[in-house]
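Student: I have a structure on my screen and would like to learn how to read it. Could you walk me through the features one by one?

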Amino acid sequence: MKLAVIVAAMMATTIATASLTSAYAQEVVRGTFVVRMPPGSYQEGADVYYDPTNIAVPAGTTVVWFNDDPNQIHTVTSGNPGDEDAGSVFDSSFMNDGTFFQQTFNEAGEYPYYCQVHPWMVGSVFVSDASEEGDNFRLSYGTGTTFNFAEHERTLLVFEPTSVDIPEDEPVTYQITILKDGEEMFSEEFRSLGGRLDIELIPTDEATQVTGPDISDPIIGAYHIHGSFLKEEAAYTIRAEITQIFDRPPEEPIADEFGVQIVPEFPVAAVAALLAIGGAVAYGRFRGFSNRG
């Protein structure tokens, strides 16, 4: 009889564990922008605690934090260490390594956060509600109408089609082209699901490269364009075109272009993203652009 009781208890424990595992597995990553806590981030004086540390995203963006720090518990807690209202906006609670936390930011503002276990670990999310309407797309961006290098090292742009309805699970191919004073500096294909495309611009001193998407299965995560050309003073144009929906071209051209002005200022470089320059102009299907300028 004792053996039967023990076996029954073991079976009950196994079933309960399986249920918890199943429930956890059902949690779906909804975020499009990923921040990671890399190995060693728990150490005070580490090179990076949250990677990237300070981000700028449009309102409506869901950010997901992954704890990639082996054998370490972390939190993502709104506010600053010592604040009486710390955690009142969002709080991940304790995160074991290999887990994630996600938060959707719907209100414009600046949201500092930190780790309650390691309070020297700090980061911030800047949220902008600014956007521009084209004939075919809405372009939202993470730094308002001014991108200042001293305040924001990077900014996320979100393209959303407005002239065509695309199912959430439908794959879409974009062609994104960036011109400086009319000269092509960048042109690349990007793929996403449901029509929304998240692209982060990161001015660097290095050669142009693209990383991402942050989430690749399914393809819902942000891409990142790193480029020294983004630090140069000039009038820029960002052209966006949907070239394929699923495996076929659209029946009518789906394209817009948006003006961007990069303005370095003394003593710090500053970028003024004046997306109102000339407004958003539909320009039809683009031809003759290579993948790299």
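Student: How is the chain built overall, and what share of its residues is buried?

Tutor: Secondary structure is taken from DSSP runs, with helices (H or I, at least four residues) and strands (E, at least two) numbered from the N terminus. This chain has one helix and 19 strands. Of its 293 residues, 46% are buried. Accessible areas come from the Shrake-Rupley method with a 1.4 Å probe, and for residues only the protein chains shown count as cover. The accessible surface of the chain is about 14700 Å², and carbon and sulfur atoms hold 51% of that.

Student: What is the average pLDDT of the chain?

Tutor: pLDDT is the predictor's confidence in each residue, from 0 to 100. The chain averages 82, and 78% of the residues score at least 70. Residues 1-26 have a pLDDT below 50, and beyond near neighbours in sequence this stretch has three contacts in the model. Contact here means heavy atoms within 4.5 Å. Over residues 265-293 the pLDDT also stays under 50, and there the model has 93 contacts beyond four places in sequence. Where pLDDT is low, the predicted coordinates should not be read in detail.

Student: How many salt bridges does the structure hold?

Tutor: Side chains of opposite charge can pair when their charged atoms come close. The cut-off is a side-chain nitrogen of Lys or Arg within 4 Å of a carboxyl oxygen of Asp or Glu. The structure holds nine salt bridges. One of them joins D68 and R36, whose closest N and O atoms are 3.1 Å apart. The pair links distant parts of the chain, with D68 in the loop between β3 and β4 and R36 in strand β1 (residues 33-37), 32 residues apart. D68 counts as partly exposed at 31% relative accessibility, and R36 counts as partly exposed at 34%.

Student: Is E200, by contrast, buried or exposed?

Tutor: E200 is buried, with a relative accessible area of 0%. Its side chain meets that of R154 in a salt bridge (2.7 Å, N to O). E200 lies in strand β14 (residues 197-203) and R154 in the loop between β10 and β11, so the pair ties together parts that are 46 residues apart in sequence. R154 counts as buried too, at 17% relative accessibility.

Student: Which residue forms a salt bridge with K231?

Tutor: K231 pairs with D205, the closest N and O atoms being 3.0 Å apart. K231 sits in the loop between β16 (223-227) and β17 (234-245), and D205 in the loop between β14 and β15 (209-211), so to read the pair is to see distant parts of the chain linked, 26 residues apart. K231 is partly exposed at 33%, whereas D205 is exposed at 65%. Salt bridges that share partners also join E133, R138 and E160 into one network.

Student: With which side chain does the side chain of T62 make a polar contact?

Tutor: A polar contact is a pair of N or O atoms within 3.5 Å; within protein, one must be able to donate a hydrogen and the other to accept it, and residues adjacent in sequence count only if both atoms are side-chain atoms. The side chain of T62 makes one with the side chain of T104, at 2.6 Å. T62 belongs to strand β3 (residues 61-67) and is buried, at 9% relative accessible area. Beyond its neighbours within four places in sequence, T62 is in contact with residues including R30, F33 and Q102.

Student: And which residues make the nonpolar surface patch?

Tutor: Patches are made of residues with over 30% relative accessible area and no salt bridge: like charges are joined within 9 Å, nonpolar side chains (Val, Leu, Ile, Met, Phe, Trp, Tyr) within 5 Å. Here I73, F94 and V117 make a nonpolar patch of about 280 Å². F94 is found in the loop between β4 (77-78) and β5 (100-105), and F94 is exposed, with a relative accessible area of 61%.

Terms used
Residues are numbered from 1 along each chain as its sequence is written. This is a predicted model: local features need pLDDT of at least 70, side-chain atom pairs count only at pLDDT 80 or more; totals for chains, interfaces and linings use all residues. Side-chain values use heavy atoms; hydrogens and water are left out. Buried means under 20% relative accessible area, exposed over 50%, partly exposed in between (1.4 Å probe, protein chains only).
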